[in-house]
Amino acid sequence: MFKGQPKALYALALANTGERFGYYTMLAIFMLFLQAKFGWTGALASTIYSIFLAVVYFFPVVGGILADKIGYGKCVVTGICIMFLGYLALSIPTPANALGITLMLSSLLLIALGTGLFKGNLQVIVGNLYDDPKYSAKRDSAFSLFYMAINIGAMFAPSAATAITNRFLTKAGLIYKADIPVLAHQFINRDISPENVNKFLDLQSLMPSDAVRQMLPGDFGRYYIDHLSSAYNMGFAVACISLIVSIAIYFATRKWFKHADINAKQAASSGARADVELTPKQTKDRVVALCLVFAVVIFFWMAFHQNGQSLTWFARDYTQSSVAGVGKLGFNIWILALIAVSVYTLFGIFQSETAKAKFGCAAATAALWGGAYTLYAGMPETLSIQPQLFQQFNPFFVVALTPISMAIFSALASRKTAKHPNGMEPSAPKKIALGMFVAAIGYLIMVLASWGQQSPAQLGGTVSPDPVVPTYLISTYLVLTFAELLLSPMGISFVSKVAPPKYKGLMMGLWFAATAVGNYLSSIPGLLWNKVPLWANWSILMALCIIAAIIMVAMLRKIEAATAE
């Protein structure tokens, strides 16, 4: 799994891990922040969220074009500096007025621009490491490991955001209750129903501080909104710290990958080894094939990036806010981390070449499981959970399932037959098509979870009186992760492998541009949230995934022929 990879891969992966930790800490609470601070409807908050995601993933096109001219490393460093300024501005508490909205939107623009310069170009440098014939056969596995490292940062992000939120709420004499922000805005705006007034007063009575419980309802509403919003601001500040760690790793290890930080223009001027020159027809065929793939994956990202919006709303409004028994395991990030590491030590037992190494991996696995059990035994009988915590399951599953995915495809690659002389591992386009079908199954689970539930419009800003068990959302995240592992790291590897040399930055940017379009379209379930039955939203996403998969299957021969070695 790790054997034979260049050490530069791990340096670049760690640099990206820090940046992604900050980004996903912010993203875990961003939608909740918008609704809590500004009192925006789900449709408006979803639109802002989706536009931000779209811009974040569109700017890599600009970053790619620029990097093809001035170099990948320069863009990476500039991007980190711009992102830092954006997160710093976003962490400043402001009034919920025009100035606050302007500062928030300006911060998002800086974060998007910085990410565009950083994200795609760092991955091009990773891909360039595998242009060396010594490492070329390990390109797909390298991007799987790189993608796994990204998700280590993302896995810890929701828990970090939750811990910071709870810390600052506790200092203010408050506890988190999902429906207080909406009810508080309704009370302040005087459009609250008598039934909701009673709910609001009941929630105020649950606050741990006597002073808070004795406040007038309107004062309590403003107090809660201000302190919850400020707690979210402190969560955004974490990204500044993580970026400092990322840039430190990048500069400390730069000599390991300096040879890969070179574009076609720089290679030509320096007399370095140039990439194999393609004919105009080959270049055109590859660009067309890549664009066909980009068009299909739009629908996957539209469905996948519901984790920060409609799936978080489902967690907040339709899922039980506490968990007991074995289910508590999933809501302690340290238990999840120990389990994830144990997957790798377990694989090490079978992959180690000496008895001593096998014994060491076995002992480590037992110790990790023992540590997880000890943490579980020390947890309270019933654990309260916040909606953003569900977002840690996707990155956890990525980290835990990556070695399994790699083992399966490695086994298929080694099975050579007369019909498959190069092995039976599916091509990247085939994996993408399969990933779309798998994503559809994920939303089938959500249809089943939502059947018989009141629509969001019927709830009127409150939570469901009959919430479902967390298992539905956890299962959905598991299935979507299977789809993601088939599609995302394989797609990035595919682009880095077949993109014409002089357009590498641009092609990687266009991969993210396709993600940008999908992210923008992810607002559709948010716009429909209060207009259609709950199950209908998931059905739309399921249908789109199936249609995209069918289209991809229909184009397979053309894509594989155009990108063949």
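**Close-up views of a predicted model**

**Figure 1. Helix H6 passes helix H7 in a left-handed crossing.** In this predicted model, H6 spans residues 180-188 and H7 spans residues 194-204. The two helices pack at an angle of about 120°, and their axes lie 10 Å apart. H6 and H7 are therefore oblique to each other.

**Figure 2. Residues at the contact of H6 with H7.** From H6, Ile180, Leu183, Ala184, Gln186 and Phe187 take part. They meet Asn196, Lys199, Phe200 and Leu203 of H7. Sorted by class, this contact comprises six nonpolar residues, two polar residues and one charged residue.

**Figure 3. The largest nonpolar core, with 171 residues.** Met26, Phe30, Phe52, Trp511 and Trp538 have the most contacts inside this core. Helix H1 (residues 7-38) gives the most to the core, contributing 17 residues. A second, separate core has five residues, among them Phe21, Ala160, Ile164 and Val238.

**Figure 4. Surroundings of Phe52.** When neighbours within four places in sequence are set aside, Phe52 is in contact with Tyr23, Met26, Leu27 and Phe30, and also with Leu108, Ile111 and Ala112. Of these partners, Met26 and Phe30 are listed with Phe52 among the residues with the most contacts inside the largest nonpolar core.

**Figure 5. Ser342 in helix H14.** Helix H14 covers residues 333-351. Ser342 counts as buried because its relative accessibility is 2%, under the 20% cut-off. Apart from residues up to four places away in sequence, Ser342 touches Thr365, Leu368 and Trp369.

Notes: Residues are numbered from 1 along each chain as its sequence is written. This is a predicted model: local features need pLDDT of at least 70, side-chain atom pairs count only at pLDDT 80 or more; totals for chains, interfaces and linings use all residues. Side-chain values use heavy atoms; hydrogens and water are left out. Axes are lines fitted to C-alpha atoms, for helices over the stretch in contact, and angles run from 0 to 180 degrees between N-to-C directions. Helices (H or I, at least four residues) and strands (E, at least two) are DSSP runs, numbered from the N terminus. Angles under 35 degrees count as roughly parallel, over 145 as roughly antiparallel, 65 to 115 as roughly perpendicular and the rest as oblique. A crossing is left-handed if the near helix is turned anticlockwise from the far one by less than a right angle, and right-handed if clockwise. Contact means heavy atoms within 4.5 Å. Ala, Val, Leu, Ile, Met, Phe, Trp, Tyr, Cys and Pro count as nonpolar, Asp, Glu, Lys and Arg as charged, and the others, Gly among them, as polar. A nonpolar core is a set of buried Ala, Val, Leu, Ile, Met, Phe, Trp, Tyr and Cys residues joined through side-chain atoms within 4.5 Å. Buried means under 20% relative accessible area, exposed over 50%, partly exposed in between (1.4 Å probe, protein chains only).
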